[in-house]
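Here is a short briefing for a first look at this structure. Please keep the sequence and the 3D view open as you read.

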Amino acid sequence: MDKPAIPNSFRTGPDEQGMFGIFGGRFVAETLMPLILDLERHWNEVKNDPDFKAELTDLSTHYAGRPSKLYFAEGLTRHLREVSSAKGRGGGAKVYFKREDLNHTGSHKINNCLGQILLAKRMGKKRIIAETGAGQHGVAAATVAARFGFPCVVYMGATDVARQSPNVFRMKLLGAEVRPVTAGHGTLKDAMNEALRDWVTNVEDTYYLIGTAAGPHPYPELVRDFQSVIGTEARAQILEQEGRLPDTIIACVGGGSNAIGLFHPFLDDRQVRIIGIEAGGRGLDGVEHCASMNAGAPGVLHGNRTYLLQNADGQIMDGHSISAGLDYPGVGPEHSWLRDSGRVEYVPILDDEALEAFKLTTRVEGIIPALESAHAIAHAVKIVPDMDKDQIVIVNLSGRGDKDVHTVASMLGMEI
Amino acid sequence: MTTRIDRRMAKLKSEGRPALVTYFMSGDPDYDTALSIMKALPKAGADIIEMGMPFSDPMADGPAIQAAGLRALKGGQTLVKTLKMASEFRAADQETPIVLMGYYNPIYIHGVDRFLSDALASGIDGLIVVDLPPEMDEELCIPALKAGINFIRLATPTTDDKRLPKVLQNTSGFVYYVSMTGITGSALADTGKVAAAVKCIKGHTDLPVCVGFGVKTAEQARVIGANADGVVVGTAIVNAVANVLGPKGEKTADPAEAVATLVSGLAQGVRAARLAAAE
């Protein structure tokens, strides 16, 4: 495939049609089209509205706990320097964690939910629906719905309901109705289909609070903008703490909202290497992975064109990842464009590698990372020993791992 | 340029009755059975055939059509086989229009140009692609019109007067009015509202307007048909197939016969609509 021409800036997308190059767009049923246009109108109104910004900033500060810290991971850095020395390299970059795990509800998902609930309020909507995979977005959506007094329905694949029961309980405590989706294979993709069916049925009063930087325009743009607080803060913090930009930034990519949030403010800093980590599952040779950008092809699903795991007939495949949050056969359209333009590298990390990084981080940092974030850490573990000591790496610690202890225990053959 | 759809619609107009448009899922539960169902449709009184192209993620469809699509995929159906089925049907029937209905991705992956030439060669007359609104017309709609295939658009209760011209702009063959906001197979909407909406659309276009989503019985077909140029029935037909399949997918009766019985009744319904409308 031809590579798109290198643009003057990587931060101008999407265009008026909601396209990032050939990716993105508005591939939705006619019933939804007026709703999406209405959302776009409201979004364009609020995105530069100082009152809206002020309200969001106030909530982010006092409710969610922002800014999140940029933490020098000294224990991990020391460990990786020892690894480097043992290899005879004598290097090892400084590793920083962007601590999204410290946010209210325990992940970056709250950033987007606070922004969208304020938008829903402005639009006069009366009811919130959301989809969730691991339950992190479902919990964040249920949280803001509780805070602002909206009834909330969360669609969750039946398989995920079974493997993420603590989050299901949290959502119920928060007053949300969790509807298990048995259609298809009962994972995030099916939950998203069902949320869209709900939306198409309840067009008058319902706001669809989508959880990642995907779906029809303007969702990829607005979710990115709400998540970009991560990268904007990290950029200012590293300049303050180190006096310069990092050499490399790393984030995991499922749908890709935490990654685009970290990456976007750095896209035009050409000296910063940017790496997105896909779920390599049990390896890219088979079908048990979710590496849509490494092993998929461009296609159309859930309102946008993007890289998808699919067969030769254009049927969407079910992926696999140890982490439910990365278990999605597609990716946000801006990532697809950044991949093809060459600005961002996307590499896979296997289940086992993520699990090792999970254990390592817990041991040397006293931080239990989400399995999703452990994928990003695992890549840092791979590359940092071959970097120099005066180099800097920022890893987005997108969420905390309390939710994953059952999964990890069963992987390690332990009873809890 | 007139197509089979134009000719069929003109003929029905001269007869003064609405069209019965029947949807079935190609490949459900298997290729041969689905082909026998397809062949049974015109004999039972169907005027236009909508052939469902199965897709793994049918976001606008209810449980019945979702399940039918999954049965078809499990039975090995592909886009290529759907086109093959159409051409087998076409070999014995030169008149009945065939409209392919489904989602964009399988077409996109097949390749738009290749798809259009294969579809023409298979005797396809029109396309309904649920996830291609007018905003995405460059993808398939414009190339299809250039190739001589009708692109049939869905208008919905959320399509207001302001948006309607945009929806109708590149539509040809007929306009498919979705009777309610929701997924296929839901309860039928208020028929008075539907009649008003059809009248509104007809104020903007000379194209025939067919109404679908929620029509399941001959009586409903008669009522809807009294104020529309066509009545689309899908979920009821797909259910007629599902009803003669056992728990393991084995056939407990002939699906083609079950569909034919249902469609004959619906055909009587639309024919009665003419009498009602004529009075």
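**Two helices in chain B**

Within chain B, Tyr31(B), Ala34(B), Leu35(B), Met38(B) and Lys39(B) of helix 2 meet Lys81(B), Met85(B), Glu88(B) and Phe89(B) of helix 4. Contact requires C-beta atoms, placed from the backbone, within 7 Å. Helices (H or I, at least four residues) and strands (E, at least two) are DSSP runs, numbered from the N terminus.

This is a predicted model: local features need pLDDT of at least 70, side-chain atom pairs count only at pLDDT 80 or more, and totals for chains, interfaces and linings use all residues. Residues are numbered from 1 along each chain as its sequence is written, while chains are lettered from A and ligands numbered from 1 in the order in which they are written.

- By class, the contact of helix 2 with helix 4 of chain B has six nonpolar, no polar and three charged residues. Ala, Val, Leu, Ile, Met, Phe, Trp, Tyr, Cys and Pro count as nonpolar, Asp, Glu, Lys and Arg as charged, and the others, Gly among them, as polar.
- The axes of helix 2 (residues 31-44) and helix 4 (residues 79-92) of chain B come within 10 Å and cross at roughly 40°. Axes are lines fitted to C-alpha atoms, for helices over the stretch in contact, and angles run from 0 to 180 degrees between N-to-C directions.

**Six-stranded sheet, chain A**

- Six strands of chain A form an open sheet with mixed pairing, in the order 3-4-14-9-10-13. Strands pair if DSSP finds at least two bridges between them.
- Strand 3 (70-72) and strand 13 (345-350) of chain A each have a single partner strand, so one side of each is left without a neighbour in the sheet.
- The twist averages 30° from one strand to the next.
- Strand 10 (residues 273-281) and strand 13 of chain A run parallel, joined by six bridges. Gly276(A) has Tyr346(A) in strand 13 as its bridge partner.
- Helix 14 (residues 351-365) of chain A lies across strands 10 and 13, at about 80° to strand 13.

**Four-stranded sheet, chain A**

- Four strands of chain A form an open, parallel sheet in the order 7-6-5-8.
- Five bridges join strand 5 (residues 127-132) to strand 6 (residues 152-157) of chain A. Thr132(A) stands opposite Met156(A) in strand 6.

**Where chains A and B meet**

- The contact takes 27 residues from chain A and 34 residues from chain B.
- On the side of chain A that touches chain B, helix 8 of chain A gives the largest share, six residues.
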